[in-house]
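Below are some notes for your review of the structure. They take the sheet, the salt bridges and the helix packing in turn.

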Amino acid sequence: LSTGNLPVADADLLQSIASLSHAQAAYLPLDWKWPPGTEWLTVVVIGRGPGQLSGSGRRGGLVLEVGSGVRRDDLHVLVAHELFHTINGHLLVHRPDDEYTTMWFKEGVTCWVALVTAARAGLIDEVSFLEGIGTIVGNYRDNPMSTRLPAWRLADRFWKDPHARRLPYDKGALLGIWLDA
């Protein structure tokens, strides 16, 4: 599965994925059936520079880029995020011409689901969960675009402005919290 210095062993990572998958089932219809060809996931972990953490979740699996020194809780939340992307954005697909106007849902709600399911699966504690919510609220509060950039204008700025790139994640996570409540 991986090489390098992960904050968890491969077997623990696989157990985490199973626990997260079970916790994320709460967001799926009761009679959910995985479409043919999507019942199995491939998980690839690639080593990166110290402290780096990123990933990608697709219909068939996850790619995690993990550097040494990454916090275990942060890794679990990333895995939860990318795992939920196997559904949201890849099985639940928005029209390509609506990519930017639906990004708040594809990325933002996925951020919330990742945080809450990592907590429900017992992979992060209450302190880390509350820190995650604080980060979402703080990012949104501190983002100069939070009250000035409507979703329909996001496409114009997304790749040029880091504040525009961050906005759908945090705004959508806040909406995810509200929808969940």
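1. Helix 2, residues 72-85, lies across strand 2 and strand 3. Its direction makes an angle of about 20 degrees with strand 2. Note before reading on that this is a predicted model.

2. The sheet under discussion is open and has three strands, in the order 1-3-2, with mixed pairing. Strand 1 (42-48) and strand 2 (53-58) are the edge strands, each pairing on one side only. From one strand to the next, the twist averages 10 degrees.

3. The parallel part of the sheet is the pairing of strand 1 with strand 3 (residues 61-67), and seven bridges join the two.

4. The antiparallel part is the pairing of strand 2 with strand 3, which extends over six bridges. Here G55 stands opposite L64 of strand 3. The two strands form a hairpin, and two residues lie between them.

5. Five salt bridges are found in the structure. One of them joins E65 to R48, with 2.5 Å between the closest N and O atoms. This pair links distant parts of the chain, since E65 belongs to strand 3 and R48 to strand 1, 17 residues apart.

6. R71 takes part in a salt bridge with D74, at 3.1 Å from N to O. R71 has 41% relative accessibility and so counts as partly exposed. D74 is partly exposed as well, with a relative accessible area of 34%.

7. R71 also forms a salt bridge with E131, the closest N and O atoms being 4.0 Å apart. The sequence separation in this pair is 60 residues: E131 sits in helix 4 (residues 126-142) and R71 in the loop between strand 3 and helix 2. A reader checking this contact may want the cut-off, which is within 4 Å for the nitrogen and oxygen. E131 counts as partly exposed because its relative accessibility is 42%.

8. Which residues make up the salt-bridge network? R71, D74 and E131 are linked in it. R71 is the residue named in both contacts, with D74 and with E131.

9. Turning to helix packing, two packed helices are described by the angle between their axes and the distance between the axes. For helix 1 (residues 10-24) and helix 3 (residues 103-120), the angle is about 110 degrees and the axes are 9 Å apart. That angle makes helix 1 roughly perpendicular to helix 3, because the range for this class is 65 to 115 degrees.

10. The crossing of helix 1 past helix 3 is right-handed. From helix 1 the contact uses L20, A23 and Q24, and from helix 3 it uses V113, T117, A118 and R120.

Note on methods
Residues numbered from 1 in each chain as written. Predicted model: local features only at pLDDT ≥ 70, side-chain atom pairs only at ≥ 80, totals over all residues. Heavy atoms only, no water. Pairing = 2+ DSSP bridges. Helix = DSSP H or I, 4+ residues; strand = E, 2+ residues; numbered from the N terminus. Axes fitted to C-alpha atoms, helices over the stretch in contact; angles between N-to-C directions. Contact = heavy atoms within 4.5 Å. Salt bridge = Lys/Arg side-chain N within 4 Å of Asp/Glu carboxyl O. Buried < 20%, exposed > 50% of the residue type's maximum accessible area, 1.4 Å probe, protein only. Parallel < 35°, antiparallel > 145°, perpendicular 65-115°, else oblique. Left-handed = near helix turned anticlockwise from the far one by under 90°.
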